[in-house]
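Q: I have a structure open and I'm new to this. Can you walk me through it?

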Amino acid sequence: MTYYDILFSFFIYGFLGWCTEVAYAAFKQHSFVNRGFLNGPICPIYGIGVTVVVALLQPYVGNLILLYITSTILVTFLEWLTGFLLEKLFHHRWWDYSELPLNIGGYVCPLFSAIWGVACVLIVKLIYPFTDKLVSFLPVWFGKFLLVLLTITIFVDVCITVQGILKFNKRLALMEDIAKELRNISDQIGENIYDSMMDGLGAQDRLKTRADVIREKVDEVKQENAEEVKARMDSMKQRAFELRTRYENMAKLPTFTSRRILRAFPKMMPREHVREFGQLCRILKKRRDELKKK
């Protein structure tokens, strides 16, 4: 295969893979869901996987069993590698087969590996000869122009998607920081109430031997403590209100990319900021349910 053929194969099977994922999601969820990692209608993992299979396994086309075994091993490795790298790069697990038997790290499992193997055999034996002939009908100049256009488009899409995911991760981190500060303020309010009470009791103990001034001094101490505690608590309550408002606004206004990614990968799980991630998922689910009712 030439570079020309490899690029066309990547885009064709990336698009067909996207169509397959969308059809599967529509069947399960009864609605359109862009199941790709990118915004555009392409799943790079399908494009890369099928292109590698077609390029490397042509010598085994005549042996159906060997073609199936090698295809299964190859696509299983590619799926594992893709899942592993995506999790390391973006700190999220994009799909999870942990509930299926004999899975490897949740990235791959025998059931889907067997399905991918059958799909690859069908592609190599039936679909690839057709798409290869279809590409050969295109004038070379037009094919090169189309590839340049598609390459630029996918490059821009990758940049936009990566930027969106990084912003999403940053938002989760900020939400977690706000939640920690809110918990600290809550603890401080409780500690202030406790310290105020103990200071008052301490003053009473110290002044018990002077009955003539005890009532006046205790009242002064209590008044001073009450005013000081009230000022601190009012300040902390105002700060808590500001933080809570900011947290709620961040949770209610997820970006387009984050909304799309969460819909596309419903089993996606973060390695960090789990609580905040769950909060966003619940809000988006509530919105979808409200839209369905309308």
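A short chat about this structure follows.

Q: What am I looking at, and how is it numbered?
A: This is a predicted model, where local features need pLDDT of at least 70, side-chain atom pairs count only at pLDDT 80 or more, and totals for chains, interfaces and linings use all residues. Residues are numbered from 1 along each chain as its sequence is written, and side-chain values use heavy atoms, with hydrogens and water left out.

Q: How many helices and strands does the protein have?
A: Eight helices and two strands. Helices (H or I, at least four residues) and strands (E, at least two) are DSSP runs, numbered from the N terminus.

Q: In what order do the elements run from the N terminus?
A: The order is α-α-α-β-α-α-α-α-β-α.

Q: What share of the residues is buried?
A: Of the 294 residues, 38% are buried. Buried means under 20% relative accessible area, exposed means over 50%, and partly exposed is in between (1.4 Å probe, protein chains only).

Q: And what about the surface?
A: The protein exposes about 18,200 Å². Carbon and sulfur atoms supply 66% of that area. Accessible areas come from the Shrake-Rupley method with a 1.4 Å probe, and for residues only the protein chains shown count as cover.

Q: What share of the contacts joins residues 24 or more positions apart?
A: Such pairs account for 72% of the contacts with a separation of 6 or more. Contact means heavy atoms within 4.5 Å.

Q: New topic: salt bridges. How many are there?
A: The structure holds two. A salt bridge is a side-chain nitrogen of Lys or Arg within 4 Å of a carboxyl oxygen of Asp or Glu.

Q: Which residues do they link?
A: Glu87, Arg93 and Asp96 form a network. Glu87 pairs with Arg93, with the closest N and O atoms 3.3 Å apart. Arg93 also pairs with Asp96, and there the closest N and O atoms are 3.7 Å apart.

Q: Why does Glu87 count as buried?
A: Glu87 counts as buried because its relative accessibility is 8%. Arg93 is buried too, at 17%. Asp96 is partly exposed, at 24%.

Q: Where does Glu87 sit, and what does it touch?
A: Glu87 is in helix α3, residues 64-90. Leaving aside neighbours within four places in sequence, Glu87 is in contact with His92, Arg93, Trp94, Tyr107 and Arg271.

Q: What else is in α3?
A: Ser71 is in that helix. Ser71 is buried, with a relative accessible area of 0%.

Q: Which residues does Ser71 touch?
A: Not counting residues up to four places away in sequence, Ser71 touches Val53, Leu57, Gly117 and Cys120. Ser71 and Val52 are 19 residues apart in sequence, and their C-alpha atoms are 9.5 Å apart.

Q: Which helix gives the most to the nonpolar patch?
A: α4 does, with four residues. α1 (3-29) and α4 (110-136) each supply at least two. Leu16 is in α1, and it is partly exposed at 35%.

Q: Which residues gather in the patch of positive charge?
A: Lys180, Arg183, Arg275 and Arg282. Lys and Arg count as positive and Asp and Glu as negative, while His and the chain ends are not counted. The place of a charge is taken as NZ of Lys, CZ of Arg, CG of Asp or CD of Glu.

Q: Which helices supply the positive patch?
A: α5 (140-206) and α8 (274-293) each supply at least two of its residues. Arg282 lies in α8 and is exposed, with a relative accessible area of 53%.

Q: Last one: which loop holds His91?
A: His91 is in the loop between α3 and β1 (92-93). His91 has a positive phi of about 65° although it is not a glycine. Its relative accessible area is 30%, so His91 is partly exposed.

Q: And Leu102: buried or exposed?
A: Leu102 is exposed, at 71%. Leu102 lies in the loop between β1 and α4. Its phi is near 60°, a positive value in a residue other than glycine.

Notes
Patch = residues over 30% accessible without salt bridge, like charges linked within 9 Å, V, L, I, M, F, W, Y side chains within 5 Å.
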